[in-house]
Amino acid sequence: RHTVSRNYLNKRNVIIALVAIFVVVIILFLRNQLIVATVNGEPINRLTLINQLEKQAGRKVLEGLVTNTLISQEAKNKNITVNNNEIDSEIKNIEDNLKKRGQSLDQALTLQGLTIDVVKEQVKTSLIMRKLLAGKISVSDKDISDYIDQNKESIPQDANLEDTKKQVRQQLEQQKLQEKYQELIKSLQDKAKINYLIKFKPKINLVSRFSHGKITLLLFCIL
């Protein structure tokens, strides 16, 4: 009986110890999930952070999510897909373009506060848009000649003509791509049933507006 009782107590103690460890782990996990920072011991919780982010950029982020969803739905409707090889190839092109400017991809990401996963999502969306707009964008030789004639003063006299034409073509294609992009998004928005279940108060935020511009360089490299 003493042996049985002792074994029972040992098992109970082991169970109590495991439960205690489990509770401590849960508390530590929840603490890291609920508290994002402390200032002189005073905690700042995740809900406060989320509320502030929602106030500052909630509308812009939500509109971006809606736009991305519209693009994904349109691509699905037209059986358009983008695979990892296409994304990796485009990332390589971005790296090459940045190297020509004396900058690495890691440096660009750090300066712009982006991660490689975010860039891959941007690249994927860009590639989908290219496929959606394929055949709708064209730049003629006359367009290129006209542009060069109108911008002679800004083109170095010793510049290689063929290289200049190639750069001008890419620039004009970029401009037309942006125009067609806006037209497509407007068309998708007009046809879609979009219900916003959260209302944002109108707010002018120069800091947010300036911060939003930080992805321009990278998007230019992507497109």
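User: Before we look at how helices pack, how is the angle between two helices defined?

Analyst: Axes are lines fitted to C-alpha atoms, for helices over the stretch in contact, and the angle runs from 0 to 180 degrees between N-to-C directions. Please keep in mind that this is a predicted model.

User: Thanks! Why is helix 2 called roughly perpendicular to helix 7?

Analyst: Helix 2 (residues 46-77) and helix 7 (residues 161-191) pack at an angle of about 90°, their axes being 10 Å apart. Angles of 65 to 115 degrees count as roughly perpendicular, so helix 2 is roughly perpendicular to helix 7.

User: Which residues make that contact?

Analyst: Helix 2 brings Thr67, Leu70, Ile71 and Glu74, while helix 7 brings Tyr181, Ile185, Leu188 and Gln189. By class, five are nonpolar, two polar and one charged.

User: What makes helix 6 roughly perpendicular to helix 7?

Analyst: Helix 6 (residues 141-150) meets helix 7 at an angle of about 105°, with axes 10 Å apart. The range for roughly perpendicular is 65 to 115 degrees, and therefore helix 6 is roughly perpendicular to helix 7. Among the residues in this contact are Ile144 and Tyr147 of helix 6 and Val168 and Leu172 of helix 7. The contact of helix 6 with helix 7 divides into five nonpolar, two polar and five charged residues.

User: How do you know that arginine 130 forms a salt bridge with glutamate 90?

Analyst: A salt bridge needs a side-chain nitrogen of Lys or Arg within 4 Å of a carboxyl oxygen of Asp or Glu. For arginine 130 and glutamate 90, the closest N and O atoms are 3.1 Å apart, so the pair forms a salt bridge. The pair links distant parts of the chain, with arginine 130 in helix 5 (residues 116-132) and glutamate 90 in helix 3 (residues 84-100), 40 residues apart.

User: And how many salt bridges are there by this rule?

Analyst: The count comes to nine salt bridges.

Notes. Residues numbered from 1 in each chain as written. Predicted model: local features only at pLDDT ≥ 70, side-chain atom pairs only at ≥ 80, totals over all residues. Heavy atoms only, no water. Helix = DSSP H or I, 4+ residues; strand = E, 2+ residues; numbered from the N terminus. Parallel < 35°, antiparallel > 145°, perpendicular 65-115°, else oblique. Contact = heavy atoms within 4.5 Å. Nonpolar A, V, L, I, M, F, W, Y, C, P; charged D, E, K, R; others polar.
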